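Reader: Please take a close look at the aromatic side chains in this model and at the strand behind them.

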Amino acid sequence: MKYRLILFITFLVQSLCAQNIEFRADVSKNTLGANERVRIEFTMNKNGDNFTPPSFHDFMVIMGPSQSVSESWINGVRSFSKTYIYILQPKAKGKFTIGQASIDIDGRTYKTAPIAITVTEAVAAPSIDKTSNDVAKESLFLLAEVSKPNPYLNEAVSVTYRLYVGSNVALNDLQWLTVPKFPNFWSQEIKMQEYEIGDCSYQGRNYRCIVVKKVVLYPQKTGTITLEPLTMDAVLSVPTNQRDFFGRMMYEQVSRRVTSGNRTINVKDLPEEGKPDNFSGAVGDFSFAVTPNKQTLKGNESMQLKVEVSGSGNLKLFDLPKPTFPSSLEVYAPEQNDDISTTLAGMKGRIEQTYTIVPQYKGKYPISGIAFSYFNPNTHKYETIKTDELWIDVTEGAANEDTPTDVANDNNLPSSHFRAQQPNTGLVAMHQPAFFGSVRYYLYLLLPLLLIPIALIAWRIRQRRAGDIEGAKVRTANRLAKKYLSEAKRKLADKDHFYEALERALHNYLKAKLKIETTEMSKDKINELLLARHAAPETVERFIQLLANCEMARYSQHHTDASVESDFGNAVQVITELDKQVKK
């Protein structure tokens, strides 16, 4: 009797529990248009196993299954709810039935009732049940915002990568996937300690905006350039239509990949109209100055000359103009200092080069003015800034007494070397007899016959001389020496003008021989080019010393009659030797 009572009570409890178990199916609508969606939920009040959904063969599953679980205790009473959610879209018009779903709970199988669905013609304003993916797609996107879509070549362009997050979702995680490269630009990223977050709007909707990357670009080619996309993976908490026991909104985590897409920039070339000859590629708005720290000093003292460009623009992408110094000044390689900051507006600051100059001798030395040209994209014009000529006054110091001492006197050609020779024919007046029958008459008759052997002899001599290569080089050298030195020779008596003419002759010789311009004639450049043409090092050294003597004599006012004659003779010999040595 006792056992029977226990079995009855157990059966009664199980029956009561079984009666409280629910498993049902609910749809958001039973009639919908062909372009609408329906939401179906399978809900149970006790957890079970082996959930089997219906086939949905007349519908496309847009989303699902997603789960939502709610559990709570109130006054010792437990409440539980578990739901499987699907979003369906009909495949055609008509009347359809969604079959039964099943689940096992406490050893028993429970099934939902079939649901009838009517699909009508497409409606003009469909009411679509959005999936979590739909909400995430609408609530998260990434844009690459370009400051100037049509910049000039070498003009600053900023790109801000901004992530827009809807106010109805929460961003849980953000991971970088691909980072764009900028092969056709000089680029610099603006470093950020952390993401910049703020409120913003886009197309009339409010968002939370996150700046994830900022970069400044300077295009290095013209035409249409495509920027590579930035791609990121995000995890969002998206609200659902489910609520927990306390009525709070339930959220679902959704992973979404966002990309900034491809953006194009149309780069314009700089105009050719008005482009200065000395333009070196500077684009922006600049100021330019050349400043010495002093202009009066003593021999062997040093001074500094600062060449500076300041302003905003492509400061790191062009070379500063170089001043021209007299070769008699010792000038060291410039020291460059930069003070440049980069913001979204581009580079701003200054670059400077400081030259250290050490004069050796007393005198006044000019440093010619410098011109700096740049293109201003704001005015769409080229602008040029020119500085004035500077003079360095060396008030004390040794006089320049350096003259070539390694050349023997017999190698110094006298000034009469190129003097035109006046022939003395020794002819005297004589009585002329009658022409016909005279000796002259018969000589004129025989002259054509005599010219034939003379022409043959002259042709053989010319052929013999043409085969004498070394001799031909010497003769060519002498002719060039006469050509370039004739002006200096005429001014031997005028010491000041002599060295001007001699220096000009040496420069003209280099221009003709090496095909270079006067502005390129630094000592190092001349030495490099002559040695590259197989000139003897000692000859090159003497040539450079001649240039230094000319310049020193002009600026330091130190020269004597002996040095004038010596320099002229040495110039003749050096030019002759260089013509034999230098190969074209």
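Author: Aromatic pairs

The structure holds 22 aromatic pairs. Rings of Phe, Tyr and Trp (its six-membered ring) pair if their centres lie within 6.5 Å; planes under 30 degrees apart count as stacked, over 60 as edge-to-face and the rest as tilted. One of these pairs is Phe42 with Phe51, which is tilted, at 5.8 Å centre to centre and 55° between the planes. Phe42 is buried at 0% relative accessibility, and Phe51 is buried at 18%; buried means under 20% relative accessible area, exposed over 50%, partly exposed in between (1.4 Å probe, protein chains only). Phe23, Phe42, Phe51, Phe56, Tyr84 and Tyr86 form one aromatic cluster.

This is a predicted model, in which local features need pLDDT of at least 70, side-chain atom pairs count only at pLDDT 80 or more, and totals for chains, interfaces and linings use all residues. Residues are numbered from 1 along each chain as its sequence is written, and side-chain values use heavy atoms, with hydrogens and water left out.

Now the strand. In S3 (residues 38–44), seven of the seven residues are buried, so the strand is largely enclosed by the rest of the structure. Helices (H or I, at least four residues) and strands (E, at least two) are DSSP runs, numbered from the N terminus. Val38, Ile40, Phe42 and Met44 point one way from S3, while Arg39, Glu41 and Thr43 point the other way. S3 pairs antiparallel with strand S1 (residues 23–27) over five bridges, where pairing requires that DSSP finds at least two bridges between two strands. Val27 has Ile40 as its bridge partner in S3. Seven bridges also join S3 to the antiparallel strand S6 (residues 77–90), and there Val38 stands opposite Leu88.
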